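Load the model in your viewer and keep the selection panel open.

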Amino acid sequence: MTERLTKVAEFAQQMMTGDHSGHGFDHIERVVNLTRQLLAENPANGELALTAAYLHDCFDDKLTADPATRRNEVITYLTEVGYQTAEVDQVLDIIDHMSFAANLEQHQKLSPEGQLVQDADRLDAIGAIGIARAFSYGAVHGYAMYDPKVQPRERLTKENYRQPETTINHFYEKLFKLPEQMNTATARRIGNGRKRYMQEFVMEFKQEWEL
Ligand code: ADP
Ligand code: NI
């Protein structure tokens with residue numbers, strides 16, 4: 001770790017603790033570790049990728065009431081600890097374009113670094129951790145776990161993405177689709193394994209529900 005990356009990690013930890021909707025610092029650390037794993041098999045600037053991984057949820061509009069202020073705080077901090085303007089811009093470009101919401105209506109082209117961080121973030125949304133995060137998010141936002149009368153929506157759009165739904169429907173609308181959207185073969189391989197585990201969980205869940 002370079003000195004400035006260590007500082008970024010401390011900054012992210014301060015910003016991201018206390019969230020119980022599946023986006024706390026534990027999520028950030030997993031995304032950082034997954035990014036490291038992807039960096040081992042895919043060429044990219046490691047320091048920039050890890051910087052974006054640490055900061056990727058810092059000014060998300062569903063996690064903070066004032067994203068513009070947060071975004072400026074991130075820019076000021078990065079500059080203070082020694083990132084050049086061009087590097088700050090590369091990090092912001094990743095964060096602004098990597099989210100599922102940003103890619104709903106049109107595919108955003110990401111740098112090699114951004115592609116790895118996006119894959120890492122998507123991997124943490126699936127598998128055993130993905131199941132736990134989805135139900136935590138649902139609980140914080142007041143969603144029902146499941147309702148057999150409500151069908152999953154065919155297509156998610158910017159308009160309907162943030163509307164309440166059941167957490168089980170979220171698996172069909174988003175989570176099961178993530179492996180095929182991965183940028184790297186590495187993430188697709190890990191993602192497909194995690195998806196199978198989630199499919200088994202949903203099958204068992206429905207069987208127990210209908211007992
Ligand atoms: P992005 O930031 O890439 O647009 P989100 O932050 O909305 O994606 O999603 C991150 C994680 O939060 C999801 O993978 C899931 O675990 C949880 N989540 C988001 N929306 C929902 C939802 N409607 N129901 C259940 N979980 C959700
Ligand atoms: Ni994230």
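How do the residues of the shell around ligand 1 divide into nonpolar, polar and charged? They split into 6 nonpolar, 6 polar and 3 charged. Bear in mind that this is a predicted model.

**Stop 1: ligand 1.** Select ligand 1 and show the residues around it. There are 15 of them, and S99, F100, A125, Y137 and H170 come nearest. Now colour by element. Two helices, α7 (127–140) and α8 (167–173), each give two or more residues to this shell. The largest share belongs to α7, with 5 residues.

**Stop 2: α3 and α5.** Select residues 46–55 for helix α3 and residues 85–97 for helix α5. Two packed helices are described by the angle between their axes and the distance between the axes. Here the axes come within 9 Å and cross at roughly 50°. The pair α3 and α5 is therefore oblique. Their crossing is right-handed.

Show side chains next. From α3, pick L48, T51, A52 and L55; they meet E87, Q90, V91, I94 and I95 of α5. By class, this contact has 6 nonpolar, 2 polar and 1 charged residues.

**Stop 3: the whole chain.** Zoom out and switch to cartoon.

Finish with the overall dimensions. Along its principal axes, the C-alpha trace spans about 60 × 35 × 30 Å. The radius of gyration is 17 Å, which agrees with the value near 17 Å for a compact globule of 211 residues.

How values were computed:
Residues numbered from 1 in each chain as written. Chains lettered and ligands numbered in written order. Predicted model: local features only at pLDDT ≥ 70, side-chain atom pairs only at ≥ 80, totals over all residues. Axes fitted to C-alpha atoms, helices over the stretch in contact; angles between N-to-C directions. Helix = DSSP H or I, 4+ residues; strand = E, 2+ residues; numbered from the N terminus. Parallel < 35°, antiparallel > 145°, perpendicular 65-115°, else oblique. Left-handed = near helix turned anticlockwise from the far one by under 90°. Contact = placed C-beta atoms within 7 Å. Nonpolar A, V, L, I, M, F, W, Y, C, P; charged D, E, K, R; others polar. Near = placed C-beta within 6 Å. Rg over C-alpha atoms; globule rule 2.2 N^0.38 Å.
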